[in-house]
Amino acid sequence: MTVIEEIVDFVRAAGYNDIPVRVRDIGKQALVDAVGCMIAGTRVESSEYMYRYIEQQPHSNEWRLLGRGRMVSLADGALACGFFAHALDFDNASNYSGHSSAVIGGVLVPVADCLGKSGKEVLRAYLVAQEVGFKLAMSMVPDINFRGWHITPVFGTISATVACAMLMELSEDETAAALSLAASKASGMMAQFGTVTKFLHCGIAAAAGVECCRMAKAGLRGSMKVYEGKNGFFQAFSGREYPSDGLKLGAPWAIEENSLLIKLYPCCSAMHTALNGARKLQDTHGFSADEVETVTVEVPQYTTSNLIYEVPQKPSEGRFSMQFGVANMLVHKKLDLDSFTDANIADEKIKKMMSKIKMQ
């Protein structure tokens with residue numbers, strides 16, 4: 001059985017009532033979290049770039065754009081919603097599939113609204129799409145990370161295609177074709193961390209879900225062995241071979257085994273444990289930032305690929321700086337949305353503390 005056949009069979013067989021209640025509960029929380037971040041993201045300064053781009057696109061009568069009311073195409077709606085959901089870097093995340101909720105939520109909101117789908121249909125599509133993305137990622141992480149690929153859009157493109165295919169009620173043949181096309185759409189580089197383009201990765205992946213499904217309905221077809229074949233998805237992105245025992249979709253559900261990280265801080269989740277540690281140490285021992293001589297943060301190797309800015313020059317880079325995050329926690333005893341400003345980046349107290357922090 002090919003990867004595509006395995007996914008198509010799972011999509012067909014996984015009814016709403018077949019999904020464990022615990023999995024559904026996790027999905028509800030994560031999807032609400034993503035949509036909440038999406039709504040807040042419409043008011044972020046960087047989202048003005050997205051609105052400006054959308055204004056330049058041809059008018060469409062498919063969906064009323066979140067936050068503006070302009071009618072746009074479903075693909076442009078998904079592009080914008082995926083971007084908005086991640087624009088604060090506050091949306092939930094996974095160590096395997098990244099910010100998959102922002103991507104899947106990004107495609108589900110416009111498509112479900114346009115097609116009049118029920119909450120159960122939306123939640124089912126979200127959970128099945130998450131399961132596919134998770135299981136693909138679990139077979140390829142961390143090798144894919146060390147090659148510089150951003151896992152969110154790579155796996156998110158596949159997940160968005162699954163979610164969209166379910167809501168659009170594609171046939172088995174059309175779903176298979178869309179999944180083949182999605183393998184060629186998947187992309188995204190970690191070198192974009194700390195830039196607006198990282199947010200765009202979520203939007204691009206969400207929009208790809210719509211595009212792949214519509215291209216499949218139009219008759220476009222690709223290799224049915226594009227995932228496991230020579231020079232295919234697994235080999236190209238991670239250098240690994242497709243697991244001989246398959247993806248084991250729904251057996252068990254990955255989201256129940258690994259769950260999702262609901263963020264306490266609006267920054268890369270790779271620094272959250274250190275932020276909690278710094279806060280707990282200070283609360284327990286009552287020392288001030290001025291009394292700190294050095295801070296050493298021990299991390300897994302993968303974290304050094306995420307947190308790439310030792311001395312951030314702008315707020316967006318601060319979200320990917322262990323030094324900036326821990327310095328804020330020690331100096332201001334918090335790290336929230338107000339921490340990521342130009343003034344705080346230039347704060348001499350923060351700069352002094354950052355110079356004392358090393359990550360190894």
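Biologist: Let's start with Arg 319: which side chain of opposite charge is nearest?

Modeller: Keep in mind that this is a predicted model. Arg 319 is buried yet makes no salt bridge. A salt bridge needs the nitrogen and the carboxyl oxygen within 4 Å, and the nearest side chain of opposite charge is 5.8 Å away from Arg 319; that one is Asp 89.

Biologist: Moving to the greasy parts, which residues touch the most other members of the largest nonpolar core?

Modeller: That core has 96 residues. Apart from it lies another core of 30 residues, with Met 190, Val 297, Leu 307 and Phe 340 among them. Back in the largest one, the residues touching the most other members are Val 107, Phe 155, Tyr 227 and Phe 233.

Biologist: And the rings: which parts of the chain does the pair of Phe 193 and Phe 320 tie together, and how many residues apart are they?

Modeller: The two rings form a tilted aromatic pair, 5.2 Å centre to centre with 35 degrees between the planes. Phe 193 and Phe 320 are both buried. Phe 193 lies in the loop between helix 9 (172-185) and helix 10 (196-217), and Phe 320 in the loop between helix 15 and helix 16, so the parts they tie together are 127 residues apart in sequence.

Biologist: How are the rings of Phe 234 and Tyr 242 arranged?

Modeller: Phe 234 counts as buried at 1% relative accessibility, and Tyr 242 counts as buried at 18%. They belong to one aromatic cluster that also includes Trp 149, Phe 155, Tyr 227, Phe 233 and Phe 237. The ring centres of Phe 234 and Tyr 242 are 5.2 Å apart and their planes are at 70 degrees, so the pair is edge-to-face.

Biologist: What about Glu 169, which residue does it form a salt bridge with?

Modeller: Glu 169 is exposed, with a relative accessible area of 56%. It lies in the loop between helix 8 (151-167) and helix 9, and its partner is in the loop between helix 5 (100-115) and helix 6 (119-138), so the pair ties together parts 52 residues apart in sequence. The closest N and O atoms are 2.6 Å apart, and the partner of Glu 169 is Lys 117.

Biologist: Last one: how many residues apart are Lys 351 and Glu 348?

Modeller: These two form a salt bridge, with the closest N and O atoms 4.0 Å apart. Lys 351 counts as partly exposed at 40% relative accessibility, whereas Glu 348 is exposed at 56%. Both lie in helix 18 (residues 348-354), about one turn of the helix apart, and the separation is 3 residues.

Note on methods:
Residues are numbered from 1 along each chain as its sequence is written. This is a predicted model: local features need pLDDT of at least 70, side-chain atom pairs count only at pLDDT 80 or more; totals for chains, interfaces and linings use all residues. Side-chain values use heavy atoms; hydrogens and water are left out. Buried means under 20% relative accessible area, exposed over 50%, partly exposed in between (1.4 Å probe, protein chains only). Lys and Arg count as positive and Asp and Glu as negative; His and the chain ends are not counted. A nonpolar core is a set of buried Ala, Val, Leu, Ile, Met, Phe, Trp, Tyr and Cys residues joined through side-chain atoms within 4.5 Å. Rings of Phe, Tyr and Trp (its six-membered ring) pair if their centres lie within 6.5 Å; planes under 30 degrees apart count as stacked, over 60 as edge-to-face and the rest as tilted. Helices (H or I, at least four residues) and strands (E, at least two) are DSSP runs, numbered from the N terminus.
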